[in-house]
Structures are given as C-alpha cells and as structure tokens.
Amino acid sequence: MAGTRNTALAVVLAALALTATACNSDDGKSAAPAAPGSAAAANTPSTAPTSAAPVKVSPAAYLEQVTQKVSAAKSAKVDEAITIGPIAMKGTGAMSWADGLQGELTMDLSGSPMGQALAKITGSDSAPYRFAKDGMYLRLGGEAVDALGGRHWMHYSQADQAKATGGSSDQLKDADPVEGVRALIATGKVTEVGQETVAGKATTHYSGVLDLNDITAAAGKGMTQQQLDQLKEKLRTAGISKETIDVWVDADQLVVQRTETGDTKAGAFKASVLYSDYGVAVDTTAPDPSDTVEASELQKLAGSAG
C-alpha cells in the first residue's frame, strides 16, 4: 500500500506488490463474461427440457475463481505505471510466482527524482531489478561498479524489504499474484461495474473501496499485532484513509489489468499494472555472491562518503 513507501526502493517495491496481483492471456477473440449465471437461461430454446436456471454467483465468489486460475498460471509479463503526485515511474518485465516471487523488472525512473538519485549507482535513470528466492537485486553501473571493486549487483534482502515496507520478512517468499484481489474478496466490498475493453480485450470490470482497517489487514500477512498497529499509524501519517482497487477480468478468468488509487499527503497515488502472456518462461537465478554487495554495506559506504 502506498502509505508505507517512505524510501526510493520501497516505492519500487510497491510496484512489485502490484506486479504480483494478477495476469492476462488468451488471443483476445472471446468476449469476457460477467459472473456466470443469467445468459444461459435466456439462450435456451423453448423446446429444451425444463431445468433449474444456473445460479449467478456474487462478484466476490467469482473473483475467488479468478484467483485460482491466476495462481495456476504461475507467471506473466507485466507493464506497470506508478504516479505519486507529480512523480511518475514505469516498469516492464516478467514475473513468476510458482515458488515465491521471481523474475526481472526494469523501472524507468526518468519521470521521478529517484532517477537522478539512482543514476549515481545504476549509470542511468532506469533501475534493472532481479527477484530471487533470497530477495531483490539492483543492477549497478557507471562509477559504482569501479567503487565496489567490480561488483555489479546490490542485494536487497527480505529483511531489508520488511524494514522498508513495514511488513514481515516473508512478504516476497510468500508472494501471491492475486493477494490484492483477495483483499476485495475478504471484505466483500466488491461490485461488478460492467463490460469494458482493456488492452484490446473484452473484460468485466470489478471495483471495491478498502478502508484503513481493510488496507492494514491486506498488507499485514505474517505481522504481529504491534507491527499492524505501527503500519496503521504509518498509513495515517501518510494521509491514507482509503484505497480503491479495480480489476478487469477476461473470458479466461484471468486479470488483464489491476489498479490501486488513493490520496496521500504527497498527492494522489495510482499504480496500474497490465498483464499478458500467462505461463511465459521465467528463469531467474540470483547473481553470484562474489558479484554482489549488500544494501547495508552500500549504505555505510554512502555515509562514509558524506
């Protein structure tokens, strides 16, 4: 959730949390149905034997079917955009959730002050990230490689991520691509908006608004009550009181797009992710330890440099 993103890397992690929330596939030729139910009865010929009309499930129940299909897909390509007030970031890559969160994502930070800051260690205003079982890696470049004895990757461990996001160290280990969708299911605060075309595909749009307690519960997997209370206070401090989640589902019960929107003291927040190519091959391995530097070590070096 946006309120916990108090550092540059934490904001990028926000994008990653969204990256792990849904997916998309098929060739776009079939129309996306609403939650199953009413149409079949209308199309039954009058001469057909009388039978009970199919039961139309609730939006929450239908989205539960969607989560099962998305989880089974195990991987997808992602194309995301994040804005916080005047700051804009974009990311592209491919992610797998078959065994924790793994994959690669390149963030274009040219529309953010983060781009200038990270350029000192990446050599450009883009940030190439690699996600492995033991955490996240940032590809280094420019003078940083020479300063670090030729090492090319900064390792950002699960513990580092927990500190940045206010969550548990198991957040990425247990990452689920539809965890955010499950937040809507859990609250029951989801409605079917209607039929819409997204990225050239026929989809059904679902939407829900989470209040502060809902947001805390959704983000608090594996957290103690004290951590939950701290997270809630961080959200209040950041000006977060509610969040709207929208998902667009295609005929294969796969999410084509997911967005989160809300207001913060820094301005309006929006994170939107498009998903494609479900089942794409994602073969990501952690860089060799001899070619990495721990984030904590890099921070100490930065402090020593003034």
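This is a short tour of a predicted model, going from its sheet to the helices packed on it and then to one threonine.

**The sheet.** Start by colouring the strands. You will find an open sheet of 12 strands with mixed pairing, and its order reads β7-β8-β9-β10-β11-β1-β2-β3-β4-β5-β6-β12. Select β7 (190-198) and β12 next: these are the edge strands, each pairing on one side only. As you follow the sheet across, neighbouring strands are turned by 20° against each other on average, direction ignored.

Now show residues 201-211 and 242-249. These are β8 and β9, which pair in the antiparallel sense over eight bridges.

Bring up α3 (residues 59-73). This helix packs on the sheet and touches β1 (75-84), β7, β8, β9 and β10 (255-264). The direction of α3 makes about 55° with that of β7. Then move to α4 (residues 113-122), which also packs on the sheet, where β2 (87-96), β4 (126-132) and β5 (135-139) are touched. Against β5, the direction of α4 makes about 80°.

**The last stop.** Select T284, in the loop between β11 (267-276) and β12 (292-294). Is T284 buried or exposed? Its relative accessibility is 10%, so T284 counts as buried, the cut-off being under 20%. Leaving aside neighbours within four places in sequence, show what T284 is in contact with: Q102, G103, E104, R130 and F131. Finally, zoom in on G103, whose backbone nitrogen lies 3.5 Å from a polar atom of the T284 side chain.

Conventions
Residues numbered from 1 in each chain as written. Predicted model: local features only at pLDDT ≥ 70, side-chain atom pairs only at ≥ 80, totals over all residues. Heavy atoms only, no water. Helix = DSSP H or I, 4+ residues; strand = E, 2+ residues; numbered from the N terminus. Buried < 20%, exposed > 50% of the residue type's maximum accessible area, 1.4 Å probe, protein only. Polar contact = N/O pair within 3.5 Å; in protein donor to acceptor, adjacent residues only side chain to side chain. Contact = heavy atoms within 4.5 Å. Pairing = 2+ DSSP bridges. Axes fitted to C-alpha atoms, helices over the stretch in contact; angles between N-to-C directions.
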